[in-house]
Amino acid sequence: MTAPAPADLLIRAAAVHTLVPGEPPRRAVAVTGGRIAALSPAPDGLDGLIGPDTEVVDAPGSTVLPAFDDTHAHLVLAGHSVHGVPVHRARDLAGFLGLIRERAARTPAGEWIHTTVNWQEVLLAEQRMPTVGELDAVTTEHPVLVRRGAYNMVLNSAALRLAGIDESTEAPPGGVIERDEHGRPTGRLVNRAVELVERVLPRPTLAERIEGLRAASAAFAATGIGTVRDCLVPVEDLDVLDAARAGGALAVRVRALVSGFAARTPEQVDALLDRMDDWRAAGRDDDRLRLWGVKFGIDGGFEAGAVEEPYQDQPCYHGRLLWEPAALLAAVDRVVERGWRVGVHAWGDRGLRVLLDVFERVLKRRPGLPPGTLVVEHGGLARPGQRARAVALGIPVTVQHPLLHDGALTQQRAWGEERTAALFPLREWLDEGALIAGGSDFPVGPYGAMVSVWGMTTRDTTAGVVGPEHAIGRAEAVALHTVNAARLTGESAVRGSLRPGAFADLTVWPANPLDCPVDALRELRPTRTVVDGRTTHRS
Ligand SMILES: [Zn+2]
């Protein structure tokens, strides 16, 4: 018998919750070579693994959990946004504009100024976006791009000029250039109109992109997240993620869904898949960065999700379906035929119904498809009949309370209170046997391991508590981000629970997230996050 290798890291804690079914909490965990080496019910039970280079963490009051997954977020977008003017901290427009003024004061004239994208105008005191006039009052020396999420922008006049947008500019199909009563652009661009600006923005260098991803992934790690499933990676950005990985800049594991939003024809889908095949053939996947599949969207979000009953106060408006079902069927079928997985955004009940029709036909055509090949992203307004179908078809669903948290007011205006409260029926999904996994949808919702657990257990939102009957328990909420998330990505053998041989992806919490006061849960941050045996965050 050879002696076991000494541990790289040994943690003694009040409780190590392995999340292995039926297993009582442990008191010590040892990590060697990026894997869990051993667990012990006694705090000193692994002391035999201590060698000269072992880092020993004595945390007798702490709780250890697996690192969390965010199964639906936008890390690439966060990397673009992270060095922007932090307008998400503003509470009113004066504060919002003040932050931009501050940045302008130390930015050379002529250089673009852009904001972070993770904010909501309904959460500002004035409940609206800034106007072009207000932005011009801040600076005429700099083009200013105020951006919210991916599809909403407000520009100042200097930026409008650089983007070539004036009275005579036509928006691309599906895009909106908002105009005042004289036909002049107000500075507001929606949906595909943002492309008019994107094409004139100075392109960040590769080094800037990598630094953006380093900062953004470190911020995820600081909240206890070890893996981000990025649900909208432009295919050309795979190279950027690759370079970030090579430079040691990814503090989280990444599971990438390549954006299929621009792929509308079979030829375009094939071209996308060709590039993904090249990635696969070159063996560029590893445990840190893995290409998961393709992302499509069948309907819009808060203000364009496709619903069966009309929008509140708009008797003729039922939201937007972005695909003809037959065309989406052909696209999804092509993706799975070539051995890739598909996640499709569905928000309203009509969107989800039509998507399940499509998925059902794909499964009928291809009965041997591995489970988890087809995933519903959000499935926000999931009615009983649709839940039953998703469960019967074995289709997993990613759910995001933080999205509901930030969007509840906006959603209530569009759909009314009842439908807003019916979003994300987690209690029902679990009771009915669905595989659901937790995420944030950052930049729309805030990310963070425990802010999500807090939200799923309280159903608290910016509009107050909505649909409390859909709340789930804390242990269930933790499982959505760990055990279930690993099942969703097909990695249960190595991630999601702490067992010998599994990846050493874990978090150390200064209080027990399973029974600390509920208000503390919301702000609870880990003292340490470990991924692949390496500490990615420490406080
Ligand atoms: Zn998303």
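**Entry 1: H6 and H7**

I began with a crossing of two helices in this predicted model: H6 and H7 cross in a right-handed sense. I noted their extents, which are residues 206-221 for H6 and residues 238-246 for H7. I then looked up the packing angle and found about 70°, with the two axes 9 Å apart. Angles of 65 to 115 degrees count as roughly perpendicular, and H6 and H7 are therefore roughly perpendicular to each other.

Which residues of H6 meet H7? I listed Leu206, Arg209, Ile210 and Leu213 on the H6 side. On the H7 side I listed Val240, Leu241, Ala243 and Ala244. Sorted by class, this contact holds 7 nonpolar residues and 1 charged residue, with no polar ones.

**Entry 2: H9 and H10**

I turned next to helix H9, residues 325-337, and helix H10, residues 349-365. Their packing angle is about 45°, and their axes lie 9 Å apart. H9 and H10 are therefore oblique to each other. Is their crossing left-handed or right-handed? I recorded the crossing of H9 and H10 as right-handed.

I then looked up the residues that make this contact. H9 contributes Pro325, Leu328, Leu329, Val332, Asp333 and Val336. H10 contributes Val354, Leu355, Val358, Phe359, Arg361, Val362 and Arg365. By class, I recorded 10 nonpolar and 3 charged residues in the contact of H9 with H10, and no polar residues.

Conventions:
Residues numbered from 1 in each chain as written. Predicted model: local features only at pLDDT ≥ 70, side-chain atom pairs only at ≥ 80, totals over all residues. Heavy atoms only, no water. Axes fitted to C-alpha atoms, helices over the stretch in contact; angles between N-to-C directions. Helix = DSSP H or I, 4+ residues; strand = E, 2+ residues; numbered from the N terminus. Parallel < 35°, antiparallel > 145°, perpendicular 65-115°, else oblique. Left-handed = near helix turned anticlockwise from the far one by under 90°. Contact = heavy atoms within 4.5 Å. Nonpolar A, V, L, I, M, F, W, Y, C, P; charged D, E, K, R; others polar.
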